[in-house]
Amino acid sequence: MFSKILIANRGEIACRIIHTAHRMGIRCVAVYSDADADARHVAMADEAFHIGPAPSSESYLKADKIIEIAKESGAQAIHPGYGFLSENTQFAEACEANNIVFIGPPSSAIAAMGSKSAAKAIMEKAGVPLVPGYHGDDQSPDTLRQEAEKCGFPLLLKAVAGGGGKGMRVVERMEDVDDALAAAKRESKNAFGNPDMLIERYLTQPRHVEIQVFCDQSGKGVYLAERDCSVQRRHQKVLEEAPAPGLSEETRKAMGEAAVKAAQAINYVGAGTVEFLYDVDGSFFFMEMNTRLQVEHPVTEMVTGQDLVEWQLKVAWGEPLPLEQSQVKTRGHALEARIYAEDPDQDFLPATGNLRYLSTPDESAHVRVDTGVTEGDDISIHYDPMIAKLIVWDETRDQAINRMVQALEHYRIAGVKTNIRFLHALADAQPFREAELTTGFIEDHRDLLFPKSKLDTHKALVLAAGFVLEQRKSREVISTDPWSPFARQNSWRMNSEYAQPLQLQVGDDIHDLKILERDDRYQVYVGGSVYNLTMRLDDDYLQAVINGHRISVHGNLHNDQLVLFYEGDTFNCTLYKESYGFEEMAGEGSLAAPMNGAIVAVQAKVGDKVKAGQSLVIMEAMKMEHAIKAPADGVVTDIFFAEGDQVSEGAELIAIEVTEEEAG
Ligand code: MV4
């Protein structure tokens, strides 16, 4: 077996590979960009080499540099993970030319699946079912028109050079064929440099079912059941599962055998996935083959009890497949949810920022978390915004769904927007529980997937007030620093005659609360109602009783930003202050970016004397400019960014030493 391998990847998949390699006693060499010096995959590896600046084109895609590092470090093989260089034929060839094992298929197998029409021709010859249509070389308008007529409607035009849903166009009627073909060819020429088209019958309610295959170097192949990945958004998988609900044993076997035939037709070696369109009537058709380990491989591992990275390493070393087809068994049901840094309320716009608070569900035989990040890491613009994969297993699909819903409730993130609430609604939606799986699932059920908040605003505000009070109290006791901002907050130490005011901002609304304390019991006045509140805070966990209703939430208070976590949902508010007077700033003396954005102008330099209210930095976000102003008179001691820099919300921009006598 290899004694040392290099992992040419980052994030969760690099960590995933290192985990198995270490379990097998194999040393791991990591590579990293400027952005990843402190990344988890670097910390996990036995050694790591810097390969360049943050953009992947200058780091994780630098094939030559990575091969040099493999040679220098004595790694015998390179695992490419997924993405980056994993399906790059030149990279696979370059490994071979340098006597380094590429942990993946031969470059000829990668190349064979690169063109949709060539792939279809190979599959047709091997007897793998194809969607009826045309995939010939003759691209003359007359031939294409005749083939369209033969195919029937609706039909789908697909770019030969496209993939992953790019370059597709539905045509409903014969009259539209000529125009649609001309437009599709133009688009494909522009997008892929190749105007050639395939024609296929358009399936209107298909499911995406894919088979995990494995082949060893002797040409033997097995399939490890299937995954249903129908729940997608713009061709991005969101939830995956194994096995595919409702698939008959017969279909599973026929699909599995077709997939192995497909792999063998291109002399495949290693882990591969054959994707099929699965139609309502039980028929299935070859779609494409992915010549790598896929993101969603863990669901297959959970139901088969096999470690696919271990299989990859064994096959790459030249060992036979660990199991015969008859020994491959599945048990129970597994689901995977992809946790992304994105904002479902802004059309899933990718989000960036610092993972200032990160709490994950406990791992067990039922729950697995594959991630490449830890608390405090930045989610940057440079790479895929996936934060983690949450994988659950149970005996039945229904129980697995319950596990997923629960595990999502235990996944808490503050500092970066995520799709956790969306995933929670998705997994818990009745049509999903009923396995109403089609590729249109998310579009068809939008009403269920953007639910109203579970907490009513008043109760959420009462909990927020409670959290702030309890946390300040607990810190007050241990704080002996008279300059601590908590020590100065002595108005929080309440007594029976005194009603403490608190303003909380939620969105654009400012809520005025009044809190009265009597013997560890509180009365919270908000919006004309009064709530009785008792509570206890353990670290970040608040157990509260509001008017006899016991509710528990987790929370994170960072500067003036409070996030409460409740049943997969988050409640965000800001401790509102009219104006940032001098008092508040004295303890901090720094200014942070109020949102993600770009620095447009820096209007001060180190050593400048500045006046309260003077504009120091101009930021731009969402096409709007925002001035960052001095909170008090003082002297600029540090400037952390320059014009043109991108900054994340909360990043410290500028530091000021407040003028002494003013502080008095
Ligand atoms: C199709 C189809 C319906 N009929 N082909 C999208 C990705 C690409 N690999 C193939 N895709 C499709 N091909 C025929 N003949 C519907 C899709 C499709 C789809 C497939 C799998 C998962 C999600 C999808 C979302 C939209 C369309």
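**View 1. Separation of domain 2 and domain 3.** In this predicted model, 29 Å separates the C-alpha centres of domain 2 and domain 3. Domain 2 covers residues 133–201 and domain 3 covers residues 205–331.

**View 2. Crossing of helix α1 and helix α11.** Helix α1 is formed by residues 11–23 and helix α11 by residues 308–317. Their axes come within 9 Å and cross at roughly 65°. Angles of 65 to 115 degrees count as roughly perpendicular, and α1 and α11 are therefore described as roughly perpendicular to each other. The crossing in which α1 passes α11 is right-handed.

**View 3. Residues in the contact of α1 with α11.** Helix α1 contributes Arg16, Ile17, Thr20, Ala21 and Arg23 to the contact. From helix α11, the contributing residues are Leu308, Val309, Glu310 and Leu313. By residue class, the contact of α1 with α11 comprises five nonpolar, one polar and three charged residues.

View 4. Ser359 belongs to strand β19, which spans residues 357–359. The relative accessibility of Ser359 is 18%; the cut-off for a buried residue is under 20%, so Ser359 counts as buried. When neighbours within four places in sequence are left aside, Ser359 is in contact with His410, Tyr411 and Arg412.

Key: Residues numbered from 1 in each chain as written. Predicted model: local features only at pLDDT ≥ 70, side-chain atom pairs only at ≥ 80, totals over all residues. Heavy atoms only, no water. Helix = DSSP H or I, 4+ residues; strand = E, 2+ residues; numbered from the N terminus. Buried < 20%, exposed > 50% of the residue type's maximum accessible area, 1.4 Å probe, protein only. Contact = heavy atoms within 4.5 Å. Axes fitted to C-alpha atoms, helices over the stretch in contact; angles between N-to-C directions. Parallel < 35°, antiparallel > 145°, perpendicular 65-115°, else oblique. Left-handed = near helix turned anticlockwise from the far one by under 90°. Nonpolar A, V, L, I, M, F, W, Y, C, P; charged D, E, K, R; others polar. Domains from an automatic or database assignment.
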